[in-house]
Amino acid sequence: MKPFIKKIIFVGAIVLVLIQFYQPARNSDYGQVLPIHFSKIYPVPQNVEVILQTSCYDCHSNNTRYPWYSNIQPIRFFMDGHISEGKDDLNFSEWGNYSKRKQETKLNRMIKQVKDDKMPLSSYTLIHRDAILDSTQKKLLTTWLENVNDSTTKNN
């Protein structure tokens, strides 16, 4: 192997080892559920809550369950970017801070994305097989969200 290629591999290995020491703060509210959380604003049935916890909250709340491999960089960089983007789009922990109009829009988007198999993302379900929604779970979730949306619309 040429000396130049050996140097690139050596420097790359050193960088890979050094970035392991960078462990940014985790997306965790340590199990606190504030009054503005989605589940505090709406009476979420237990079977729907389980679906939300398993398939949605890791990327769309302030409390991510981190797997063991989240301690490895650059995997963690990818995860943190994914979580940040997910929370920017929808954050169940901050639901009460959204205006009524924004809540209605978000409910409609959730229903559409679940029905269209756009959520949860395939990049997430590739590793988190338990987050895949079967047809029964999709129907349960979307029906419940539609009912919540209908009652929210009637109250406005």
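Buried residues have under 20% relative accessible area, exposed residues over 50%, and partly exposed residues fall in between (1.4 Å probe, protein chains only). The structure is a predicted model, in which local features need pLDDT of at least 70, side-chain atom pairs count only at pLDDT 80 or more, and totals for chains, interfaces and linings use all residues. Residues are numbered from 1 along each chain as its sequence is written, and side-chain values use heavy atoms, leaving out hydrogens and water.

Helices are DSSP runs (H or I, at least four residues), as are strands (E, at least two), and both are numbered from the N terminus. The largest nonpolar core contains 21 residues. Such a core is a set of buried Ala, Val, Leu, Ile, Met, Phe, Trp, Tyr and Cys residues joined through side-chain atoms within 4.5 Å. Phe38 and Leu52 have the most contacts inside this core. Helices α3 (46-55), α6 and α8 (135-155) each supply at least two of its residues. Contact means heavy atoms within 4.5 Å. Leaving aside residues up to four places away in sequence, Phe38 touches Val44, Leu52, Phe92, Trp95, Leu107, Met110, Trp144 and Leu145.

A search of the whole structure finds 5 salt bridges. Each is a side-chain nitrogen of Lys or Arg within 4 Å of a carboxyl oxygen of Asp or Glu. Lys115 pairs with Glu146, with the closest N and O atoms 2.7 Å apart. Lys115 lies in helix α6 and Glu146 in helix α8, so this bridge ties together parts that are 31 residues apart in sequence. Lys115 is partly exposed at 49% relative accessibility. Glu146 is also partly exposed, at 27%. Asp117 and Lys138 form another salt bridge (2.0 Å, N to O). Asp117 sits in the loop between α6 and α7 and Lys138 in helix α8, so the pair links parts 21 residues apart in sequence. Asp58 bridges to Arg65, the closest N and O atoms being 3.2 Å apart. Asp58 is buried, with a relative accessible area of 5%. Arg65 is partly exposed, at 46%.

Backbone geometry also deserves a note. Asp117 is not a glycine, yet has a positive phi of about 60°. A cis peptide bond joins Met119 and Pro120, with omega about -10°. Pro120 lies in the loop between α6 (100-115) and α7 (122-125). The peptide bond from Gln73 to Pro74 is cis as well, with omega near 10°. Pro74 is found in the loop between α4 (57-60) and α5 (75-89).
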